[in-house]
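Subject: Structure handover

Hi,

Here is the structure I promised to pass on.

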Amino acid sequence: LWLVYPKAMDTIPSNRSKESHLLRVSKLALPSEGFFPRHFLAQITDANNEFPSSALLSVGYKRIPLLSTMRGSILVEGQAASGPEPFVEYRENALVLRLTLGVTLRSMALSPPSPPVDSGDDDPNATTTTLPVNESTLTTTTSLVTTTPWPGVPAAYLELELPPGYECFIVDLGGAYTEGAEELFARDENGDGYFDNFNQTLNNGHWTTDRNLCRFTLEMYAQIFAGQTFYVQLFVNNPRQALLRDDPENVWYIKYFGTNGTVLGPPARFISFEEEPLDLGWVGNLAVLTPLVGENLQPERFEYGADNRLRVFFEAVHFMLAQSYIVLDAPDDFDFGAECVVSDLGVDYYADWESIAWGSDLTGEKATTSTIGPSPNCTGDNWKRLARSPPATENFTRAIIRVSRTLLTGKYYGFAIDVRNARSYSMEQHDNWRIWIWSPEGYPVDGSIRTVFFNAPRTFAGTPDSPFERSWAVYPRPLNSS
């Protein structure tokens, strides 16, 4: 870079003899990839380019990362795809995050800041450049001062900002050890003999948390590089209020700060809804669910392997638009089929048994039970299938029912669904029945906080201790057989 000084420069007054002229260089374009020096050498010559002298420059430069290179996402896990503890106020919901850096972070000693010099520039942002996100630039401020250590400078760090109401914390270095993550790191889908994902964990610094902020601060002289991908297990205490996936406040951010707290670009949102289908198994945010109430399941047959008709009841806790989903999960080896069959209950289930002369209540305890609407569409899946795996071809333990009517808050609904019973008994059959309500976009909204009971629970303290007081299970033969 060749620079020619102006022919005339301001005279430095005698009472400011310790000051010097400042040469500021900015907007140096960088290539998209490569390695860059941490120190620059300047050479000064006379007007004839003779009698050179040189000095190291004190450098305060920053690389502005492209938003497209900064990526954060959350591993889809749990029956509700929102972690193992997806409900409001639940604590220690274990999540696995995948983070890709858009800029190299280095934590190193810097020289102390130079005294302010009046450059004659009225622009208060003269040393900083505001850049379009599609440009790759280097912003540099230089002066002829040799670098000396300054241990009091804050180290570089990256920060995760969760939506309001969350509390986050990380154990040790945040190694990603959940059950779903273990499967992720063992995958070799292309069969090349190498794992598709490597469990890289940051270990050259430490994590600290403050409510909805989780910060990783680098040790002195540590660095993590642009393009590096790593995983972290994050524990969160869920907000006290339900949070829909499409809520404008439900945004997760990753932010970068260089040494001395320099902000490296704007906060980057986790992946968008539009990007999620291109990155199966990963999402940009999570729903915080409201527990359903009034769920109940009543089978017509209990014997092993029987073709059964299951009566399903629940009370809606949110108003849901038409084309929303009712999702029913069953234990292993129960099978709804690839194209499940849903029907209305008998007319008696929808009758007005209160016989009120002016009609029944629309909602509440005295309201009649309603159908879920005409011609519901139902498809089968397996609720244990990972989101990044191919569609299920057998053992359809999940029925996804799209309903054509709106669901009213406080209204009871009932329907019947065909299912092939499990072919043997297992204790898990008392615990793995769930009902979920999804939005028309397929995002979870409400769900069963525990297995759906066969009989009304004898205690209101939570899930009964005895499995036989929870959900129903199969028997070897019907009661009336010899």
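This is a predicted model: local features need pLDDT of at least 70, side-chain atom pairs count only at pLDDT 80 or more; totals for chains, interfaces and linings use all residues.

Residues are numbered from 1 along each chain as its sequence is written, and side-chain values use heavy atoms, with hydrogens and water left out.

Let's begin with the disulfides. A disulfide is a covalent bond between the sulfur atoms of two cysteines. Searching the whole structure turns up 2 disulfides (a pair counts if the cysteine sulfur atoms are within 2.5 Å). Counting bonded cysteines along the chain, their pattern is 1-2, 3-4.

One of them links Cys 168 and Cys 214, with 2.3 Å between the sulfur atoms. This link is right-handed, at 140° about the S-S bond. Cys 168 sits in strand 12 and Cys 214 in strand 14 (residues 213–218), so the pair ties together parts that are 46 residues apart in sequence. Helices (H or I, at least four residues) and strands (E, at least two) are DSSP runs, by the way, numbered from the N terminus. Are these two cysteines buried or exposed? Both Cys 168 and Cys 214 are buried (buried means under 20% relative accessible area, exposed over 50%, and partly exposed in between, with a 1.4 Å probe and protein chains only).

The other disulfide joins Cys 340 to Cys 378, at 1.8 Å from S to S. Its link is left-handed, with -95° about the S-S bond. Cys 340 is in the loop between strand 23 (325–329) and strand 24 (342–343), and Cys 378 is in strand 25 (residues 377–381), so this pair ties together parts that are 38 residues apart in sequence. Cys 340 and Cys 378 are buried too.

Now back to strand 14, via its neighbour. Strand 11 (residues 157–161) is mostly covered, as 4 of its 5 residues are buried. It runs antiparallel to strand 14, joined by 5 bridges (two strands pair if DSSP finds at least two bridges between them). Leu 160 has Cys 214 as its bridge partner in strand 14. Strand 11 also runs antiparallel to strand 17 (residues 253–257), again with 5 bridges, and there Glu 161 is partnered with Tyr 253.

Strand 12 turns up in a sheet as well. The sheet is open, with 5 strands in the order 12-16-7-6-19 and antiparallel pairing. Strand 12 (167–169) and strand 19 stand at the edges with a single partner strand each, so one side of each has no neighbour in the sheet. Inside that order, strand 7 (residues 93–100) and strand 16 (residues 229–237) pair over 8 bridges, and Val 96 stands opposite Gln 233 in strand 16.

Last, the second largest pocket. Its space is about 1,300 Å³. On a 1 Å grid over the protein atoms alone, a pocket is an open set of points where a 1.4 Å probe fits, with protein on both sides within 12 Å along at least five of seven lines, and lining residues have an atom within 4 Å of a point. The volume is the space filled by probe spheres set on the points, which are joined across faces, edges and corners. Of the 41 lining residues, the closest to the centre are Val 76, Gly 78, Ala 81, Arg 385 and Ala 387. Helix 1 (179–184), strand 19 (282–283) and strand 26 (398–402) are the elements that give two or more residues to the lining, and helix 1 has the largest share, 3 residues.
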